[in-house]
Amino acid sequence: MVEAYLRQSPLSQLALPSRIAAEHGNTGVTMAERQFRRIVNLRGNPKSEEFTKAVKSVLGADPPLMPNSVNTGKDITLLWLGPDEWWIITDADTAPVADKLREALAGQHAVVTDVGEGYTCIAASGASAADTLAKGCTLDFHDSVFAPGSCAQSDMAKAVVVFHRLEADKPSFEIYVRSSFAEYLWRWIENAAEEYGVAVTQ
Amino acid sequence: MLEINCPYCGPRFETEFSYGGEAHIERPKDSENLTDEQWGDYVFMNSNTKGVFLERWVHTSGCRRWFNVARDTVSYQILAVYETGAKPPKLDLRNDV
Ligand SMILES: [Zn+2]
């Protein structure tokens, strides 16, 4: 684990906390960084009952089997990445979760990879959030296609990303991007959102 | 731009995929006993079909899984998408090319 005093967001040089707006009534898009989200990558055979049982015993949730779907457990979110691959997202330390999973899956044809803080999470929401993201991505962001509570992997402005659309009244997306692309993607999205009015939030 | 129906993620734009050449080429079993010519044939020599071609694609920016596609190389129409390891579906082949 990173020493607390060394921990620094890949977006720290943008000084986002100093830009948090008190008022953002009419902006079409609000943006925020979800700092220090942590990820464990899980692979295994979902058709094996032994596998799904072991995963549920540790996470309290089944790995979602429907393409592009999301399940939530206690303090964790599970994203479907492929027919035998998931992301476990947490705000807590990943090592204890990864260790428990490895123990529960011992002897099985499965793999647990601690990705830690290798990705940065950018949140974009508001009435024009979908229009903004559509400028840089070929996915259809309409509610009827990209439903709230689902996820998808794609390219956003040529960076490889994972989208998680939250269940919320207004369009709300969390975008996971490799940390080395974080500043580029933040600036790209903020620039694309400018015409709708954009504000930084907590 | 092609729209390719990933068997796992659903329909996505071509830009999310990478091409893998001809499908159903079997790796020779006793590769250590092959001549350079036989190995070169396995590695490099794909057919260049005009018409329906069975080919491999990978969903690079999505689920990163390989799968097979039956595509008409004249019209670019995708006639079928099927999983790696599956037999190709029966298709009405064009006979005008
Ligand atoms: Zn896919």
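Biologist: What makes S8(A) and S9(A) a hairpin, and which residue in the turn has a positive phi?

Modeller: The hairpin has 2 residues between its strands, and A:Ala157 in the turn has a positive phi of about 50 degrees. At one point along the pair, A:Met156 stands opposite A:Ala159 in S9(A). Bear in mind that this is a predicted model: local features need pLDDT of at least 70, side-chain atom pairs count only at pLDDT 80 or more, and totals for chains, interfaces and linings use all residues. As for the names, residues are numbered from 1 along each chain as its sequence is written, while chains are lettered from A and ligands numbered from 1 in the order in which they are written.

Biologist: How do you know that S8(A) and S9(A) count as paired?

Modeller: Two strands pair if DSSP finds at least two bridges between them. S8(A) (residues 150-156) and S9(A) (residues 159-165) have 7 bridges and run in the antiparallel sense, so they qualify as a pair.

Biologist: And what makes residues 150-156 a strand with the name S8?

Modeller: That's DSSP's call: strands are runs of E with at least two residues, helices are runs of H or I with at least four, and both are numbered from the N terminus.

Biologist: Why is S8(A) called mostly covered?

Modeller: Because a residue is buried if 20 or more other C-beta atoms lie within 10 Å of its own, exposed if 12 or fewer, and partly exposed in between, with C-beta atoms placed from the backbone. In S8(A), 6 of the 7 residues are buried.

Biologist: Why is A:Asp75 called exposed?

Modeller: A:Asp75 has 12 other C-beta atoms within 10 Å, so it is exposed. It sits in the loop between S3 and S4 of chain A, and it isn't a glycine.

Biologist: What about A:Ala15: buried or exposed?

Modeller: With 9 other C-beta atoms within 10 Å, A:Ala15 is exposed. This residue lies in the segment before strand S1 (29-34) of chain A. A:Ala15 is another non-glycine with a positive phi, near 50 degrees.

Biologist: What makes the group around A:Leu79 and A:Ile88 a nonpolar core?

Modeller: Such a core is a set of buried Ala, Val, Leu, Ile, Met, Phe, Trp, Tyr and Cys residues joined through C-beta atoms within 7 Å. The largest one here has 60 residues, and those with the most contacts inside it are A:Leu79, A:Ile88, A:Ile122, A:Ala124 and A:Ile175. Its largest share, 6 residues, comes from helix H4 (residues 182-193) of chain A. Domain 1 and domain 2 of chain A each supply at least three residues to this core.

Biologist: Which residues does A:Ile175 contact?

Modeller: Two residues are in contact if their C-beta atoms, placed from the backbone, lie within 7 Å. Leaving aside neighbours within four places in sequence, A:Ile175 touches A:Ile122, A:Ala124, A:Met156, A:Val161 and A:Phe163.

Biologist: Where do the domain bounds of chain A fall?

Modeller: Domain 1 is 27-36 + 118-200 and domain 2 is 38-116; bounds like these come from an automatic or database domain assignment. The contact between the two takes 10 residues from each domain of chain A. On the domain 1 side, S8(A) gives the largest share, 4 residues.

Biologist: What does chain A bring to its contact with chain B?

Modeller: Chain A puts in 10 residues and chain B 11. On the chain A side, S4 and S8 are the elements that give two or more residues, and S8(A) has the largest share, 3 residues.

Biologist: How do you know that chain B is predicted with confidence?

Modeller: pLDDT, the predictor's confidence in each residue, runs from 0 to 100. Chain B has a mean of 92, with 94% of its residues at 70 or more. For the complex, the predictor gives an ipTM of 0.89 and a pTM of 0.92.

Biologist: And which elements make up chain B?

Modeller: From the N terminus on, the order is β-β-β-α-β-β-β, that is, 1 helix and 6 strands. Buried residues make up 18% of its 97 residues.
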